[in-house]
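Subject: Handover of a structure and findings

Dear colleague,

Please find below the structure that I am handing over to you. My findings follow it, arranged by topic.

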Amino acid sequence: MALEEQLVDLLLEKKYHISFAESCTGGLCSATLVNVTNASKVLDMSFVTYANEAKIELLGVKAETILSNGVVSEEVAKEMAQGVAKKAKSEIGVGVTGVAGPGGGTAKKPIGMVCFGFCINGETKTFTKQFGEIGRNQVRKSSVEFVYQTLIELLK
């Protein structure tokens, strides 16, 4: 069974709803979930907040958080996850922000670095993954895979 099918089954079992706040993945987390029958029973809304202004306006990410940590940070991913869960009134909010490439990387935040926030019933965990320079679309796909694997682990 595909990861997204496992996740939808878990969400249905727990009667949870999920929402995504995506930057570098550009909606791929949501799109992957929508591939599954019954996705409409667990997904009400998600946001693609590519611009910092969108993160601030739609999700409530603090401008100070972005200024002090950078947009690609666990702190921003955490606020994205919390903000989308609150806005969507969902039990689970996921925030994803990173550097997919091919440009935009720095020594501290190289291409392929992605930060994740998972807010489940008000409790938030964050992670950073270094996927490396594997290509823009592969960073996005690997990020989605990490989101689904992590959610399945956290919900079991």
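Two strands are taken to pair if DSSP finds at least two bridges between them. Please note also that this is a predicted model.

**The sheet**

On that definition, the structure contains an open sheet of five strands, in the order β2-β1-β3-β4-β5 and with mixed pairing. Strand β4, which covers residues 113-120, runs antiparallel to β5, and eight bridges join the two.

**Helix α6**

Helix α6, made up of residues 136-155, lies across β1 (18-22), β3 (92-98), β4 and β5. Its direction makes an angle of about 30° with β4. Within helix α6 is S142, which is buried at a relative accessible area of 15%. Leaving aside residues up to four places away in sequence, S142 touches F131 and I134.

**Helix α5**

Does the length of helix α5 agree or disagree with what its residue count leads one to expect? The helix has 15 residues (74-88), which at 1.5 Å a residue should span 21 Å; the C-alpha atoms at its ends are 21 Å apart, so the two agree.

The buried residues of α5 are V76, A77, E79, M80, A81, G83, V84, A85 and A88. These buried residues pack against strands β1, β2, β3 and β4, and also against helices α3 (52-59) and α4 (63-69). After α5 comes K89, which has a positive phi, near 55°.

Helix α3 also includes E53, an exposed residue with a relative accessible area of 51%. Between E53 and A63 there are 8.6 Å in space, C-alpha to C-alpha, and the two are ten residues apart in sequence.

**Aromatic rings**

A pair of aromatic rings is described by the distance of the centres and the angle of the planes. A search of the whole structure gives six aromatic pairs. One of them is formed by F116 and F118, whose rings are 6.4 Å apart, centre to centre, with 15° between the planes. Planes under 30 degrees apart count as stacked, and the pair of F116 and F118 is therefore stacked. Both residues are buried: F116 has a relative accessible area of 0%, and F118 has 1%. Ring pairs also link F116 and F118 with F127 and F146, giving a cluster.

**Cysteines**

How many disulfides does the structure hold? The number is zero. A disulfide would require two cysteine sulfur atoms within 2.5 Å. For C29, the closest cysteine sulfur is that of C24, at 8.4 Å, which is too far for a bond. For C119, the closest cysteine sulfur belongs to C29 and lies 15 Å away, again too far for a bond. C29 is buried, at 0% relative accessibility, and C119 is likewise buried, at 5%.

With kind regards

Methods. Residues are numbered from 1 along each chain as its sequence is written. This is a predicted model: local features need pLDDT of at least 70, side-chain atom pairs count only at pLDDT 80 or more; totals for chains, interfaces and linings use all residues. Side-chain values use heavy atoms; hydrogens and water are left out. Rings of Phe, Tyr and Trp (its six-membered ring) pair if their centres lie within 6.5 Å; planes under 30 degrees apart count as stacked, over 60 as edge-to-face and the rest as tilted. Buried means under 20% relative accessible area, exposed over 50%, partly exposed in between (1.4 Å probe, protein chains only). Helices (H or I, at least four residues) and strands (E, at least two) are DSSP runs, numbered from the N terminus. Contact means heavy atoms within 4.5 Å. Axes are lines fitted to C-alpha atoms, for helices over the stretch in contact, and angles run from 0 to 180 degrees between N-to-C directions. The expected span of a helix is 1.5 Å times one less than its number of residues.
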